[in-house]
Amino acid sequence: MTVTIYVPRDAAALALGAEKVAKAITQEIVARGLDVKVVRNGSRGMFWLEPLVEVETDKGRIAYGPVKAGDVGGLFDNGLLDGADHPLCLGLTEEIEFLRQQTRLTFARCGIIDPLSIEDYRAHHGFAGLEKAIAMASADIVKQVTDSGLRGRGGAGFPTGIKWKTVMDAPAGQKYIVCNADEGDSATFADRMIMEGDPFVLIEGMAIAGIATGATKGYVYIRSEYPHAIATMRQAVEVARAAGVLGQSVLGSQHSFDLGIRSGAGAYVCGEETSLLNSLEGKRGIVRAKPPLPALQGFLGQPTVVNNVISLASVPVIMDQGSEYYKNFGMGRSRGTIPIQIAGNVKHGGLFETAFGLTLGEIVDRIGGGTATGRPVKAVQVGGPLGAYFPRPLFDTPFDYEAFAAKDGLIGHAGITVFDDSADMLKQARFAMEFCAIESCGKCTPCRIGSTRGVETADKIMAGIEPEKNKALLADLCNTMKFGSLCALGGFTPYPVMSAMNHFPEDFAPVPLIEAAE
Amino acid sequence: MNIRVSASDVAERTLGIIRDLKHLEGPMLPILHAIQAEFGYVPEEVKPLIASELNLSRAEVHGVVTFYHEFRDHPAGRHVLKLCRAEACQAMGSDRLADRVRQLLGIDFHQTTLDRAVTLEPVFCLGLCACAPAAMLDGEVYGRVDEHCLSEIMAEVRQ
């Protein structure tokens, strides 16, 4: 009987040597004349164990990791194909504590199936949501998404169903579904993982959005820093077209929907929806003033749904299992599950999908296992470069949109960067301003000029020049940027700056001036 | 990638690219990506061609090309090494790594070594934040870049 071995093709697994491991496995199979099939799956999201090799046995999938190319011969000698014990053996994959504690709805298939096998996708509940949507009236689809409580997973947290309703009700000859895959926040990789590990779920979600709103065309705008995701999505679209999922007749229905994959060109601000639309149109990625809302005048002036990858990829399970099923997970107004990405200086870094409501401390200490360096955790930045730095006294904050807002922070795209006690928070605050200066689109003054003045002011504090006056100036500048900027880039850069200053005042303390040489 | 080309050759190949992609909705970025893939950078002389084919002003085309970090106005070295400079990598010592790389190559970010072997560029996030610090060499990704990994990268660029 053919044995199946899984070696991930996820970019993070590749970055840790998965390609060499896959080659070594293929060589062993040929040299030993074995009947083995190698499947290149997505990642399970446990990056301290990558490259994670799995073997299908009658007991289930057995995991080995982290595997180096040099380990492969020994693994085969020791009975890898029977799932035999070995120092690298982690037992049944599903029983690994980090995975066992998760609730995987959006990432249910990621790391399990062959990402480009549509048969594999179907065999794991694929297209069940789309089939149900095809049989429904568009208003009922929108209602189901609204009732599920799904909110934009890109960071803004706007109810997805309400956005869809606006587009559905807008009269137009051509409407569009645009997927925002410009995942530029540091500590986030959920979009990348789903595009590389389960691309059909995103295609399915976009097709459902198209049927619900009457849009027949869609685009996925992927950042150019993700060449592997771009390649996988392009292949997946070809496969979906050939299988009749995309095209004139979606799964044989009277609905038509087709997709194009577009690459960004290295501009962080294009993750902002209006700037993304300008970029997609071939213009400079400058932010547009709202109104008009993209839902009414979006891509090429037509009604457009702009949704994050994870929002769209969560729609199929909502259509398949129902809005109640999804809504029953979570807390308060944050319903369903959220793929938390634990990164930076952390022992167990990876993707942890769970219902809203875990506390930050549980995520960092229990799930993440503390720092990789073994030193105490000093701060965690939640929500990427525009998110606040949280100190340990705030680790009781539950993971929920409103709870984070109440602590002057944001969930954003749910990325968490852990820092140990060697971090200098003044330096981090300066970097937030520097990043804003590099990436500002230049349209509004608070962001364009404020960020550069912010860097200069942080430098003065660092040099011990009138620190009290300059700290007050920095706070004033943050206030101007927060309330005067057109979009979240300038508007949210104050979060990391102010949180660093408020929670870690010792790092902003004056340093004695070095006396000038006589 | 052929970077020594005559002006008429550039024009001919550019017009071919534009003709292939012009039908797209929002064709500008796909055209610029294809031009950069063809020539290794976006030559100054393609801007008026794009402007005339897409019915735009040269200023508009120039504005788009210069807005995006990805597009270069001159050829890069034989290899392009991108080091992630964002927060998750900072938390794992990417600043020290960057200093080490600058020292090994004898250049700063946005520069190319004299032998044109490698161009060093900063990148803000490769999505490899749980295996930081991260780097990308000509599209190949590297995670948890340590001294051993760095020596592999250096051997590769010096080939």
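## A buried strand in chain A

In this predicted model, strand E6 of chain A, residues 176–181, is largely enclosed by the rest of the structure, because six of its six residues are buried. A residue counts as buried here if 20 or more other C-beta atoms lie within 10 Å of its own.

## Partners of the strand

Which strands pair with E6(A)? One is strand E7 of chain A, residues 217–222, which is joined to E6(A) in the parallel sense over six bridges. In this pairing, A:Ala181 lies opposite A:Ile222 of E7(A).

Another is strand E9 of chain A, residues 304–308, which also runs parallel to E6(A) and is linked to E6(A) by five bridges. Here A:Asn180 is placed opposite A:Asn308 of E9(A).

## Chain A as a whole

Chain A contains 21 helices and 16 strands. Its radius of gyration is 24 Å, close to the 24 Å that the globule rule gives for 518 residues, so chain A is as compact as a globular protein of that length. Along the principal axes, the C-alpha atoms of chain A fill a box of roughly 80 × 60 × 40 Å.

Of the 518 residues in chain A, 57% count as buried. Among contacts in chain A with a separation of 6 or more, 73% are between residues 24 or more positions apart.

## Domains of chain A

The domain assignment divides chain A into domain 1 (3–100), domain 2 (118–327), domain 3 (330–420) and domain 4 (425–508). The centres of domain 1 and domain 3 of chain A, taken over C-alpha atoms, are separated by 30 Å.

Where these two domains touch, five residues of domain 1 of chain A are in contact with six residues of domain 3 of chain A. The domain 1 side of this contact has four nonpolar residues, one polar residue and no charged residues.

## Where chain B meets chain A

How many residues of chain B are in contact with chain A? There are 34, and they touch 44 residues of chain A. Helix H2 (28–39), helix H4 (58–67), helix H5 (87–90) and strand E5 (140–142) of chain B each supply at least two residues of the chain B side. By class, that side has 23 nonpolar, seven polar and four charged residues.

Note on methods
Residues numbered from 1 in each chain as written. Chains lettered and ligands numbered in written order. Predicted model: local features only at pLDDT ≥ 70, side-chain atom pairs only at ≥ 80, totals over all residues. Domains from an automatic or database assignment. Contact = placed C-beta atoms within 7 Å. Nonpolar A, V, L, I, M, F, W, Y, C, P; charged D, E, K, R; others polar. Buried ≥ 20, exposed ≤ 12 C-beta atoms within 10 Å, placed from the backbone. Helix = DSSP H or I, 4+ residues; strand = E, 2+ residues; numbered from the N terminus. Pairing = 2+ DSSP bridges. Rg over C-alpha atoms; globule rule 2.2 N^0.38 Å.
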